Amino acid sequence: MKILAVNGSPRGEGSNTQIMLKSFLKGAASEGADTEIVLLSEKTIHPCKGCWACWVKTPGKCIQKDDMGEILEKLWASDLLLFASPLYVDCVSGLMKNFMDRMLPGVKPNFIEIDGVWRHPLRHGPNPKLGIISNCGFPQFEHFQVVHHLFERVSLNMHTKVVFEIFLAGGEVLRAKNILLKPLVLKYKKLLEKAGQEAVASGGISETLQKKLDRPIVAKDQYIKNANKYWDKQLAKLKK
Ligand SMILES: Cc1cc2nc3c(=O)[nH]c(=O)nc-3n(C[C@H](O)[C@H](O)[C@H](O)COP(=O)(O)O)c2cc1C
């Protein structure tokens, strides 16, 4: 199985998203998957111009010469595509949204109806299945409502389906230096590894594991207390 993971965090290699991806992909690789991460923060991907050239002038190709063409080739050749993004303003990051806009060469312009939904036909063979990975600053899972809905729609547009979602509320604990948090983070990373293994072995994540992944790493009240303490400390530095 070929897995292409697209990390939309501007923090790139140092992001919580990357920590999540690396653990997941470690598990996936242990089951024999061929894995690759694309850090959008290190790529040059210009915004879509909305010119329709990829539909009518150079079918299947964008006229902009940047890194997107190569990533699209990899995307079309993969079996599982991981959209991995931090939550920004209740949605995906700008880097990720920009990337998704530039996936337009993957479809042809005509309108077709499938199961009551109007879509564009795919230009290539079947698209990969989708896995969604996201983390956010607030410690409540409700904050992922828009991202969940977004990828439901995206999967229809891509004629594929979302086979799992991994959301981590209060994701900043992943990079926290507090020694007491280390064992909890390690336990969570092991769950991600298991998720990677299951995704390759069975094409999805079991209900038992999903339930464990849907729990916060740190209790909400504790997280909020520590977060406020952290921000107060940062601001106090300004006064010195
Ligand atoms: C511009 C911006 C917007 C954000 N918007 C939200 C938000 O709407 N809800 C939320 O819970 N966290 C929000 N966050 C916090 C990030 O989701 C959080 O810091 C996350 O852990 C970053 O993950 P990363 O290290 O993978 O980039 C925002 C952060 C930034 C910089």
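In which loop is the place of Asp 66?

1. Since this is a predicted model, every value below is computed from its atoms. Asp 66 has its place in the loop between α2 and α3. With 13 C-beta neighbours inside 10 Å, Asp 66 counts as partly exposed, a class that lies between the limits of 12 or fewer for exposed and 20 or more for buried. Leaving aside neighbours within four places in sequence, Asp 66 is in contact with Thr 44, Ile 45 and His 46; for Ile 45, which is 21 residues away along the chain, the C-alpha separation is 5.9 Å.

2. Gly 60 is found in the loop between α2 (53-56) and α3 (68-76), and it counts as partly exposed, with 14 C-beta neighbours inside 10 Å. Its contacts, not counting residues up to four places away in sequence, are with Cys 54, Pro 105 and Arg 123.

3. The C-alpha trace spans about 60 × 45 × 30 Å along its principal axes, and 35% of the 240 residues count as buried. Among contacts between residues at least 6 apart in sequence, 73% join residues at least 24 apart.

4. On the interior, a general remark applies: in soluble globular proteins, nonpolar side chains tend to be buried together. Here the largest nonpolar core has 52 residues, and those with the most contacts inside it are Val 6, Leu 82 and Phe 83. The largest share of this core, six residues, comes from helix α6 (residues 182-202). Val 6 touches Val 38, Leu 40, Leu 82, Phe 83, Ala 84 and Phe 99, again not counting residues up to four places away in sequence.

5. Helix α6 has 21 residues and reaches 30 Å from its first C-alpha to its last, close to the 30 Å expected at 1.5 Å a residue. Its buried residues are Tyr 188, Leu 191, Leu 192, Ala 195, Gly 196, Gln 197, Glu 198, Ala 199 and Val 200, and what covers them includes α1, β3, β6, β7 (162-169) and α7 (207-213). The helix is followed by Gly 203, whose phi is positive, near 85 degrees.

6. How many of the 20 residues of α8 are buried? The number is one, so α8 lies largely in the open. This helix (residues 220-239) reaches 29 Å from its first C-alpha to its last, close to the 28 Å expected at 1.5 Å a residue.

7. Trp 52, in the loop between β2 (34-39) and α2, has a positive phi near 65 degrees, and it is exposed, with 10 other C-beta atoms within 10 Å. Trp 52 and Lys 22 are 30 residues apart in sequence and 36 Å apart in space, C-alpha to C-alpha. Asp 90 has its place in the loop between β3 (80-86) and α4 (94-101); its phi is likewise positive, near 65 degrees, and with 12 C-beta neighbours inside 10 Å it counts as exposed.

8. Which residues come nearest to the ligand? Of the 17 residues around it, these are Ser 9, Thr 17, Pro 86, Cys 136 and Gly 137. Both α1 (16-30) and β6 (129-136) supply at least two residues of the shell, and these two elements are also among those that cover the buried residues of α6. By class, the shell has six nonpolar, eight polar and three charged residues.

Definitions and conventions. Residues numbered from 1 in each chain as written. Predicted model: local features only at pLDDT ≥ 70, side-chain atom pairs only at ≥ 80, totals over all residues. Near = placed C-beta within 6 Å. Helix = DSSP H or I, 4+ residues; strand = E, 2+ residues; numbered from the N terminus. Nonpolar A, V, L, I, M, F, W, Y, C, P; charged D, E, K, R; others polar. Expected span 1.5 Å × (residues − 1). Contact = placed C-beta atoms within 7 Å. Core = buried A, V, L, I, M, F, W, Y, C linked by C-beta atoms within 7 Å.
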